[in-house]
Amino acid sequence: MPINFIAVLDHEHLENSVFLTAFAKSLAKLGDRKGLVVHGDSPYTDRLIQTGMMREDARLRAIKDLNKRLVGLFADQGIPTIGIHGFQKGLITKQEDAISLNKKALDAHHAAPNLLISSLVEQSGGPQHVPLPQFSRSLSIELNNADILLFSKNEKDEILISESKEKLSWGNLPAGFAETTLPDEFRNFDYPVKLTTATDFANWPSLNKVTKIE
């Protein structure tokens, strides 16, 4: 099954229950899987660190917990989802700075209506966190440049649902755009993305409110 998009649940949005519910409802409307949903860690990691855990241990636990929580959230919206981590069954491996996707392992999940994949990959025989931008970019390249979908952090974009289509350049973004709209992790991404909203995600591939950044 071709993968047409990679929907990115970034650090900030993972703490936004309103966004996650809207995203889940849109995912349900898309029907059969057309893309992948990926995530990294969230502010939950910092809360675990405050209990005395080391950062790497806290991040691993937070990402694993998030994966289960998101699968449960999607299930509440009637969306059958398999939650997996990149390190499982050699799905995604990292050697030095190169990240590789085992497409046969991915195809083995072809019957799953939706796949939720965390940014924990296999390195030296164990799980290793990869920053979400690097993870998303690598997957896109491995999947024939599948569209990377980011979601605006500007709450007004979610409320004002009028049609809006723009095309911008990473090297010449409008003043204040990155700070108000882009997820913080992706401010200096410098790779083609489509920025949309959780609600408009239901209209994929004919998005009504989308900003292309190349």
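**View 1. Helix α1 passes helix α3 in a right-handed crossing.** In this predicted model, the axes of the two helices come within 9 Å and cross at roughly 60 degrees. Angles under 35 degrees count as roughly parallel, those over 145 as roughly antiparallel and those from 65 to 115 as roughly perpendicular, with the rest called oblique; α1 and α3 are therefore oblique to each other. On the α1 side of the meeting are Leu20, Thr21, Phe23, Ala24 and Leu27, and these residues meet Leu70, Leu73 and Phe74 in α3.

**View 2. Helix α1 (residues 17–30) packs on the sheet, where it touches β1, β2, β6 and β9.** The direction of α1 makes about 160 degrees with that of β1. Buried residues of the helix are Phe19, Leu20, Ala22, Phe23, Ala24, Ser26, Leu27 and Leu30, and as a group they pack against β1, β2, α3, β6 and β9. An α-helix has 3.6 residues a turn, so residues three or four places apart point the same way. The 14 residues of α1 should span 20 Å at 1.5 Å a residue, and because its end C-alpha atoms are 20 Å apart, the two values agree.

**View 3. The open sheet is built from eight strands with mixed pairing.** The strands follow the order β3-β6-β2-β1-β9-β11-β12-β10. At the edges stand β3 (81–85) and β10 (164–168), each of which pairs on one side only. Neighbouring strands of this sheet are turned against each other by 25 degrees on average, direction ignored. Within the sheet, strand β11 (residues 193–196) and strand β12 (residues 209–213) pair in the antiparallel sense over three bridges, and here Lys194 stands opposite Lys212 in β12. Helix α3 also packs on the sheet, touching β1, β2, β3 and β6, and its direction makes about 170 degrees with that of β3.

**View 4. Helix α3 covers residues 55–76, and Gly78 comes just after it.** At 1.5 Å a residue, the 22 residues of α3 should span 32 Å, and the 31 Å that separate its end C-alpha atoms agree with this expectation. The buried residues of α3 are Ala58, Arg59, Ala62, Ile63, Leu66, Asn67, Leu70, Leu73 and Phe74; among the buried residues, Leu70, Leu73 and Phe74 are also the α3 residues that meet α1. Just after the helix, Gly78 takes a positive phi of about 75 degrees.

**View 5. Strands β7 and β8 form a hairpin with two residues between the strands.** Strand β7 (residues 120–123) and strand β8 (residues 126–129) pair in the antiparallel sense over four bridges. Gln123 stands opposite Gly126 in β8, while Ser124, in the hairpin, takes a positive phi near 55 degrees.

View 6. With a relative accessibility of 2%, Leu132 counts as buried, since buried means under 20% relative accessible area. Leaving aside neighbours within four places in sequence, Leu132 is in contact with Val8, Leu9, Asp10, Val38, His39, Gly40, Ser119, Glu185 and Phe186.

Technical notes: Residues are numbered from 1 along each chain as its sequence is written. This is a predicted model: local features need pLDDT of at least 70, side-chain atom pairs count only at pLDDT 80 or more; totals for chains, interfaces and linings use all residues. Side-chain values use heavy atoms; hydrogens and water are left out. Two strands pair if DSSP finds at least two bridges between them. The expected span of a helix is 1.5 Å times one less than its number of residues. Buried means under 20% relative accessible area, exposed over 50%, partly exposed in between (1.4 Å probe, protein chains only). Axes are lines fitted to C-alpha atoms, for helices over the stretch in contact, and angles run from 0 to 180 degrees between N-to-C directions. Contact means heavy atoms within 4.5 Å. A crossing is left-handed if the near helix is turned anticlockwise from the far one by less than a right angle, and right-handed if clockwise.
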